[in-house]
Amino acid sequence: MINEREPLGQIADFPFCLAPMVGLSHVVLRDLVRSYLPEGCHTIWPTEMLSSRRLIAQRLGDTPETFTSPMDDNLVPQILINEDRFIKACLPKLEQWGAVGVDINMGCPQSKALKHNYGVALMGDPEYAHNVVRMARSTTNLPLSVKLRAGTNNDKDFLKRFCEGLYEAGADWLTLHPRTPEQKRKGYADWSQIKMIKDEFNKSLIGNGDIQTWEDAIRMKEETGCDAVMIGRALTARPWLLWQIGHHLGLPSPPGKEGLLPPLTPEEEAQEYGKAVLFFIQKSFEIFTEKDARKRVIFYLKVSHPWLNYGHSISSKIINAKTQEEMIEIAIKSFESSSLTLSKRTELRY
Ligand SMILES: Cc1cc2nc3c(=O)[nH]c(=O)nc-3n(C[C@H](O)[C@H](O)[C@H](O)COP(=O)(O)O)c2cc1C
């Protein structure tokens with residue numbers, strides 16, 4: 001499925017993966033999504049975005065962003081880097097921690113990242129961005145990837161030159177989220193730019209943007225020829241997407257779900273979402289401090305509820321609960337209703 005001679009193919013044989021998302025792609029969401037990975041399959045897993053400036057003084061595994069579970073494998077942490085001294089300090093640290101690759105963020109449009117001249121700011125200075133990859137390449141033997149966006153005003157020539165420089169500087173694969181920096185996460189991702197970069201360089205490329213259903217994921221792969229498909233927001237609401245995709249591809253069910261079919265009808269999906277919400281609440285309070293767990297549950301509900309009919313009112317009730325026990329009680333009660341459905345599509349707001 002993925003070219004096995006390339007570093008990406010050596011790590012992952014299942015070409016669908018979770019996207020890095022601040023506040024979301026932590027150990028709880030990873031464990032949830034992984035519980036639906038077809039048996040015997042391997043893919044790559046992100047962390048939340050890590051800041052090299054902070055990482056330098058932190059112990060990996062001690063911060064909520066780097067908490068892991070015994071289930072974790074194939075971690076490709078995502079990092080904001082731009083200076084040699086931080087690169088030299090952080091990449092060996094990540095390697096020792098057990099990362100199987102490092103993903104450099106060149107797509108974050110938030111003002112905090114721009115202020116320090118990293119994230120998507122690096123796309124504004126191609127020579128410097130390529131140098132960042134060169135510095136990283138000379139520091140570690142780990143596979144390196146870069147996650148980036150479309151160019152400003154969808155300038156395709158710029159994007160081609162930018163990607164060419166990244167590959168030449170030593171990036172083993174790129175992940176393209178083809179929205180411009182100005183679009184942030186609104187509007188549509190222009191998948192034709194994923195195809196353009198794959199056709200132009202025939203190098204490892206992950207496509208990302210606007211996947212809501214298993215059919216979308218298969219279509220992106222077929223239409224663009226990308227090596228793998230990365231899914232963000234939809235995996236919060238539909239963490240079983242990997243199972244649905246695997247089922248379509250004739251792969252085994254996830255461990256513990258042998259002989260079962262993935263949830264497919266809107267009603268089945270709504271019930272499974274209820275189970276996901278419960279898992280998320282219980283695990284978050286087990287792993288994070290109470291305050292942090294609450295914050296993360298609230299954010300998870302905000303991003304995932306729009307697919308559910310009555311999602312707004314159910315998530316509001318859970319969010320307003322005073323204690324973890326009350327949250328669980330409300331969630332269980334809310335999902336008892338058989339009139340709940342999960343829609344195929346929603347307007348992606350976050
Ligand atoms: C809440 C949230 C936080 C995100 N944080 C990051 C991030 O830290 N690093 C990154 O490269 N992309 C980040 N993204 C972008 C996603 O990785 C992905 O590119 C984007 O959501 C498009 O994919 P999707 O349509 O499948 O969600 C974030 C997206 C969301 C919704």
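Modeller: A nonpolar core here means a set of buried Ala, Val, Leu, Ile, Met, Phe, Trp, Tyr and Cys residues joined through C-beta atoms within 7 Å. Buried means that 20 or more other C-beta atoms lie within 10 Å of a residue's own, exposed means 12 or fewer, and partly exposed is in between, with C-beta atoms placed from the backbone. This is a predicted model, where local features need pLDDT of at least 70 and side-chain atom pairs count only at pLDDT 80 or more, while totals for chains, interfaces and linings use all residues. Residues are numbered from 1 along each chain as its sequence is written.

Colleague: Great, so how many residues are in the largest nonpolar core?

Modeller: That core has 102 residues, and Ile81, Ile104, Ala228, Val229 and Ile231 have the most contacts inside it. Helix 12 (residues 266–287) gives the largest share, seven residues. Helices (H or I, at least four residues) and strands (E, at least two) are DSSP runs numbered from the N terminus.

Colleague: And which domains does the core draw on?

Modeller: Domain 1 (7–248) and domain 2 (266–334) each supply at least three residues. Those bounds come from an automatic or database domain assignment.

Colleague: Back to Ile231: what is it in contact with, beyond its sequence neighbours?

Modeller: Leaving aside neighbours within four places in sequence, Ile231 is in contact with Phe16, Leu18, Ala19, Ile211, Ala217 and Leu241. Contact means C-beta atoms, placed from the backbone, within 7 Å.

Colleague: Which way do the residues of strand 8 point?

Modeller: In strand 8 (residues 228–231), Ala228 and Met230 point one way, Val229 and Ile231 point the other way, and all are buried.

Colleague: What does strand 8 pair with on the strand 1 side, and in what sense?

Modeller: Strand 1 (residues 16–18) pairs with strand 8 in the parallel sense over three bridges, and Leu18 has Ile231 as its bridge partner. Strand 7 (residues 205–208) also runs parallel to strand 8, joined by three bridges, with Asn208 opposite Met230. Pairing needs at least two DSSP bridges between the strands.

Colleague: New topic, the ligand. Which residues are closest?

Modeller: Ala19, Met21, Met49, Gly232 and Arg233 are the closest of the 25 residues that surround the ligand; the cut-off is a C-beta atom, placed from the backbone, within 6 Å of it. By class, that shell has 13 nonpolar, eight polar and four charged residues. Ala, Val, Leu, Ile, Met, Phe, Trp, Tyr, Cys and Pro count as nonpolar, Asp, Glu, Lys and Arg as charged, and the others, Gly among them, as polar.

Colleague: How far apart are the domain centres?

Modeller: The C-alpha centres of domain 1 and domain 2 lie 27 Å apart. Across the boundary, 14 residues of domain 1 are in contact with 17 of domain 2. On the domain 1 side, helix 2 (27–34) and helix 10 (234–237) give two or more residues, and helix 2 has the largest share, four.

Colleague: Is helix 2 mostly covered or exposed?

Modeller: Mostly covered, as eight of its eight residues are buried. Those residues pack against strand 1, helix 10, helix 11 (241–248) and helix 12.

Colleague: Last one: which residue has a phi near 70° without being a glycine?

Modeller: That's Asp210, in the loop between strand 7 and helix 9 (214–224). Asp210 counts as buried because it has 21 C-beta neighbours inside 10 Å. Tyr310 also has a positive phi, about 60°, and is partly exposed, with 14 other C-beta atoms within 10 Å.

Methods
Contact = placed C-beta atoms within 7 Å.
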